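These are my notebook entries on a structure I looked through. I kept them in the order in which I looked things up.

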Amino acid sequence: MAYNLESLVQILEQILEPDHDQPLWVLDSDKKPQMKTLLQKVYFFIDLLENSSSAVSGYRRRGLESRIRDTAYNAEDVLESHLVDQLLSCREGESFIFSPPDLEKLIEDFESANKEMMSSMEANEMQLKYRLMGGGSKLEVIPIVGMGGIGKTTLARNLYKDRLVSFHFGVRAWATISQDHDVGKILLGLLRLATRGPTYETLEMGHGELGELLYKTLFGRRYLIVLDDIWQTEPWDDIRRFLPDNNNGSRIIITTRALYVADHIDSGSSLHRMSFLNSDESWNLIHQKVFGAGETCSRGLESVGRKIADNCGGLPLTITVIGGLLSQAERKQVFWEQVAEDVSSAIADEDEHFFGILSVSYNYLPYHLKPCLLYICAFPEDYEIHASRLIKLWVAEGFLKPISGKSLEEAAEMYLMNLVDRNLIFIAQQRPEGKVKSYGIHDVLRDLCLKKAHEENFLFINRWYMRGGEDSRRVCAHSIQDILDISFNPMLSTRSFLFTGVGSQEKLHSSVISAFNLLRVLDILEIKFPLFPKEMLELVNLRYLALSTSELPSSISSLWNLRILIFQSIALSPMRRAMMPKILGMAELRHIKFKGFYVWYDNEYVEHFVVQDKLQSLSTIAIPQLTYRFLQTIPNLEKLGIFCDEEVDHVKDLSCLHKLRTLKCASLKYDGGNLLSNLVFPHSLKKLTLRDCGVLDLDMNRIADGTHFPRLEHLVIRHCLDLEAIPLGIGDIPTLKVIEVHECSSSAVNAARMIQEEQQSYGNDELEVRFGTLYQLQSVESRIRDVAYNAEDVLESHLEKQLLSSHEGQSFTSFPPDLEEVIEDFDYAKEEMMAIVEGREMHPKHRLMRRQPNLDVFVTVGMGGIGKTTLARNLYDDPFFHFDIRAWVTISQDYSLREILLSLLHCVIGKLTHELLEKKNGELGSYLSEHLGRRRYLIVLDDIWDIKPWDDL
């Protein structure tokens, strides 16, 4: 379910306890108990969905999740629309009594969904949970039996991962058996989970030794073992004696398609048979796949459709595949009758298996990650999604669940890395300090997310619009034409509008904004408005606002619920003042970012400031505004941008900002030399950026004194033309990892290079010094010139000596000296050039070009279809790389060591002789090793699924 209930929780909590010194409303005391009851109902569903995800599987679960989602959406609509109406009708400065209607009805809706969920749980999970955690103390085997695709593994996996189950058992281990089982691999897999990782010794053990070690590991402990997908009785016979009965309630779950296997394993246990969908459930599932919400099916098609559903035998997987097939075909009765006659052929003709596999990845996602993944498809194909933007959007959407000790933004970073670890998204760019700058998503996965988002009314994109777009919670446009093509009737369900294209003020009328009166997110930074749209001030439910215009009125503070404010100037002039005192009194703000403006306020407003303890980033504000009174109101600030437009004549003490990690200092006019000397920095600072600042050598000496910056990791100096030198002492800051120097004097650049060289001489290879691309290219060109001159000198001087020393008319044999050294010089220069051109020092091409004596193994990891083999093939075929031998072999799942060795030998020596084909594997391996010895080779082992092929080779 893409909707994760956290947004509704935030709304209810905010209504119950307004987070303001002077709240805008007071909740009706008669409605307070009902609001608390409603909140408790929502908490129950969150706990149920998070910790009992196996409660209902397959079609039934999806239907119940839709019911919960619709109930939650209705609750949001009732509460937010009533709140917005009262906010708009209330006079400025006055508060009101908030008395939301229909609370009893909302509670009844949640109670009804609760009963439906519980009744569906009783037959499946509750019964199995009792058998796992209740019952007798003797070891019990629980067979789950059913045909392929009915959900056995899903049910077992959800029970295995259930929070209560995992707490009950001291040890849990899972092994997938499959048809071609390997006893050693099964035992090793169980040991890996039971002992948290194999040792070198265990990898060398035989079956008996592994089994004995497993027995000792499990003995005396309450354990849960899952043996998934058993096809024959032999695997159980091979490992049963290694699973002790500790008489403490240990359990074993097996999943199998074969009833005789379950009977053989434990004939005394009651089987759990997976039930098929009945006729109505099967037809409903097909109807759901083929027809949109509220769309009817003709009687003729329904008659044939029910026949198709019955022919599927109640198997959810088959029904889903056929439903997908029918949804993509023309809705003609002749075709449906053809499908009904031969369901199996329809499945065989279905070529969308890859989407099916990806759907499994999506379905296995924790429920709190699903909306986060679907949200990513709002951005265009091949779009680099900036991490900071995505995180702020997730915060405003209410997707993030608070994690103890972490901010919502930190929780979002954890969510993103979770998606990366699952190979659902990838890191596009990283910052020098290691943090992720942007993410991307594979086109195929994005298409899957778009389909899922459309199915759940999660997101509406014009090109994917079919029916019901006006009911979508989010609207996204990639061009101005997309916006013009949308029918903007009042879209009461829409909470977010995102624009990710390039726009202009002439093509879009600001009245479009009024169609979304319950909007929470309005991200239209790329659409330029000559004047601030007044209609925007009526969007009192806004949490996120990003726009470009000529000025921002102080009345923006009426948007009381704003958490993120991003404002970009469309004026041609450089940094301008924005008189914005009232935004410094908005308690909900978490991020303020001005581009082309900087915040300014008159002293008369100082007394009206409130403590903005949620504010984490503020950029940009004028340095004179950093008064002691103001700094006390932003205690939790982590990122600050300051602008200097006049000489600083007294000290600004920032040391009270104990959480400040990033500071950017900029100036356009000021050319004095006392900026840094008049700032007192907090010890928490990790990144310092100086841009267009009149920084003098004296200022840099202060940075070099590590007592001022005990945690500094990243120093950026950009376009500071007055800076002549950078003191060597800066390299001695123990935490410093990166120095960047861009568009500065040549003496400053040389000083930075000297810092790096000095640190390397001390053995500090961790410090990285980066320069602007232009300087880097000039530096490498100079390096190549010097190397070329040296090569000319070596060759020509040696040739001249030989010519002068030889007798007239005689020829001679010339052996130029130092050729290896000349070749190495060119190789090093080539490495530097590639590092710049490719943008990443450890690019695969760079890895292949490095002249180092040790064997280098370069591993490429990623999900199927992401391009691993294509990358490897391009590198393998590139004539730029010089190897004595090249060999390529594809491993795959069902590999044969003999075939791999023969394939490699065929690439290395050409034709395989009859004598060679008669050799054993060990002899083939030795023969291959002999032919690779002392030769420079490139070998590609493509598509490795397991560690065993590598270990064998």
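Is Lys664 buried, partly exposed or exposed? I found Lys664 partly exposed, with a relative accessible area of 37%. My classes are buried for under 20% relative accessible area, exposed for over 50% and partly exposed in between, with a 1.4 Å probe and protein chains only.

**Ground rules.** I am working on a predicted model, where local features need pLDDT of at least 70, side-chain atom pairs count only at pLDDT 80 or more, and totals for chains, interfaces and linings use all residues. Residues are numbered from 1 along each chain as its sequence is written, and side-chain values use heavy atoms, with hydrogens and water left out.

**Surface patches.** Lys664 lies in strand 23 (residues 662-667). I take helices (H or I, at least four residues) and strands (E, at least two) as DSSP runs, numbered from the N terminus. Together with Arg431, Lys593, Lys595 and Lys639, Lys664 forms a positive surface patch. For patches I use residues with over 30% relative accessible area and no salt bridge, joining like charges within 9 Å and nonpolar side chains (Val, Leu, Ile, Met, Phe, Trp, Tyr) within 5 Å. Lys and Arg count as positive and Asp and Glu as negative, while His and the chain ends are not counted. I place each charge at NZ of Lys, CZ of Arg, CG of Asp or CD of Glu.

I noted a negative surface patch formed by Glu792, Asp793, Glu796 and Glu800. Asp793 is in helix 26 (residues 773-805).

A nonpolar surface patch consists of Leu855, Val857, Val859, Val861, Ile944 and Trp950, with about 640 Å² of accessible area together. The areas come from the Shrake-Rupley method with a 1.4 Å probe, and for residues only the protein chains shown count as cover. Val857 sits in the loop between helix 28 (844-849) and helix 29 (868-877), and Val857 is partly exposed at 43%.

**Salt bridges.** I counted 24 salt bridges, each a side-chain nitrogen of Lys or Arg within 4 Å of a carboxyl oxygen of Asp or Glu.

Glu111 pairs with Lys41, and their closest N and O atoms are 2.3 Å apart. This pair links distant parts of the chain, 70 residues apart: Glu111 is in helix 4 (residues 103-133) and Lys41 in helix 2 (residues 32-51). Glu111 is partly exposed at 24%, and Lys41 is partly exposed at 23%.

Asp109 pairs with Lys105, with closest N and O atoms 3.1 Å apart. Why are Asp109 and Lys105 separated by about one helical turn? The two are four residues apart in helix 4, so about one helical turn separates them. An α-helix has 3.6 residues a turn, so residues three or four places apart point the same way. Asp109 is buried at 18%, whereas Lys105 is partly exposed at 45%.

Arg389 pairs with Asp523 at 3.0 Å between the closest N and O atoms. Arg389 lies in helix 19 (residues 387-397) and Asp523 in strand 14 (residues 521-529), so the pair ties together parts that are 134 residues apart in sequence. Asp523 is buried, with a relative accessible area of 2%.

I also recorded a salt-bridge network that links Glu76, Asp77, Glu80, Arg473, Arg495 and Arg520.

**Helix 19.** Nine of the eleven residues of helix 19 are buried, so the helix is largely enclosed by the rest of the structure. Among the buried residues are Lys392, Trp394 and Glu397. Just after helix 19, Gly398 takes a positive phi of about 85°.

**Cysteines.** I found zero disulfides, counting a pair of cysteine sulfur atoms within 2.5 Å as one. Cys372 is buried at 0% and Cys644 is buried at 1%.

**Backbone.** Ser619 and Thr620 are joined by a cis peptide bond, with omega about 15°. Thr620 lies in strand 20 (residues 617-622).

Asn247, not a glycine, has a positive phi of about 55°; Asn247 lies in the loop between helix 10 (234-239) and strand 6 (251-256). Asp943 also has a positive phi, near 65°. Asp943 is in the loop between strand 30 (937-942) and helix 33 (948-952) and is partly exposed at 34%.
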